[in-house]
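Dear colleague,

I am passing on the structure below, and after it you will find what came out of going through it. Please read the notes with the structure open beside them.

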Amino acid sequence: MDNLSRLTFLGRHSNDLQGLRWVPLLTWLLWDETFLALPEQLSGKLAALASSIVLVGAYFGLARYYDRHFGHLKQGPEVARDRTASWLLLVSAFQDVADRTQIWLVLLARLVLLIMILEWLYTLWISSSHTFRYYFVYLIVFVMIRRVLDKTNPVLRRTYYGLASAIIVAIGSLTLAQHWGMKAFNITTYATLLAVCIADHFVLLSLTATLTEEADA
Amino acid sequence: MPENAGGFPEVDRLIHEPARLALLTVLSACESADFTFLQRVTGLSKGNLSVQLTKLEQAGLVYIEKTIYQKKTLTTAELSRQGRDQLSEYWRVMRRIQEQSAPRPE
């Protein structure tokens, strides 16, 4: 990656590379179910409350760490939109895409979103929330695939996002097909997303300079 | 378009300086960025960064906003409309120079 590409990439995506920031939230969503599964016991409720407070504190602590050490960047609206799954829903997503592979991806993603909504309504109807969790994680995978297709990303980043997406989809499909419990799915998804967050942090470190008083152009 | 003695189009020397070109490149890719971010990304010293930002502000290429946040001065830079236009023109000139200096096919 040449210097101008590096500067442009950091100017657009620096906030996305602050991977450690998302670790507490990720932990709360995918790992904390152990405590949340014990609502009847007082110790379970207290553990859930305490861990939530610690994780919220950790989130703000890490946000502060990034602000102090890497500064603050306000991204343009088009980049902020790409960070979320909302790009899938926009008509302009078709205009943005660079090649036909991405157009098919957008179409496929919209189809899966439609199935998700119908499935969710169905599970609400039959009072079961079991399958919706897989689809929720698949939504994260679609956001991750956007990173794979973005050619401004370093090859290394595109590769590990691709690998992580494949692992999550594979474990989700296996869990559904083999009727495994949620434990294997949760642990694998958590470990994969954690690895992606840490890798993003190291990419940020590798692309930015260490602050020194003597550094010059 | 003005040309120099060699017949090449004149390059905007204010933008052509590496440190200022780096700053403008970063700012053109985002809405705004603070001093720490620009320092971290460009690797410039505080003094040099401050000088370059002042030059760009005086030329009307960037807006500088200083606010007090948690008892510290927070400096934020944003590319102005003029800065965006001049940077685009700079790259246009550079492409033209590249085309002129490219070896002719045999």
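Strand E1 of chain B, residues 32–34, is joined to E1(A) by two bridges, and the two run antiparallel; strands are taken to pair if DSSP finds at least two bridges between them. Within this pairing, Leu73(A) stands opposite Ala33(B) of E1(B). Helices (H or I, at least four residues) and strands (E, at least two) are DSSP runs, numbered from the N terminus.

Please bear in mind that this is a predicted model, in which local features need pLDDT of at least 70 and side-chain atom pairs count only at pLDDT 80 or more, while totals for chains, interfaces and linings use all residues. Residues are numbered from 1 along each chain as its sequence is written, and chains are lettered from A and ligands numbered from 1 in the order in which they are written.

Between the chains, 21 residues of chain A are in contact with 22 residues of chain B, contact being C-beta atoms, placed from the backbone, within 7 Å. Helix H1 (3–13) and strand E1 (73–74) of chain A each supply at least two residues of the side that touches chain B, and H1(A) gives the most to that side, with six residues.

In chain B, helix H2 (residues 18–28) is mostly covered, with eight of its eleven residues buried, that is, with 20 or more other C-beta atoms, placed from the backbone, within 10 Å of their own; among them are Arg20(B) and Thr25(B). As for chain A, it has ten helices and one strand, and buried residues make up 19% of its 217 residues.

With best regards

Definitions and conventions:
Contact = placed C-beta atoms within 7 Å. Buried ≥ 20, exposed ≤ 12 C-beta atoms within 10 Å, placed from the backbone.
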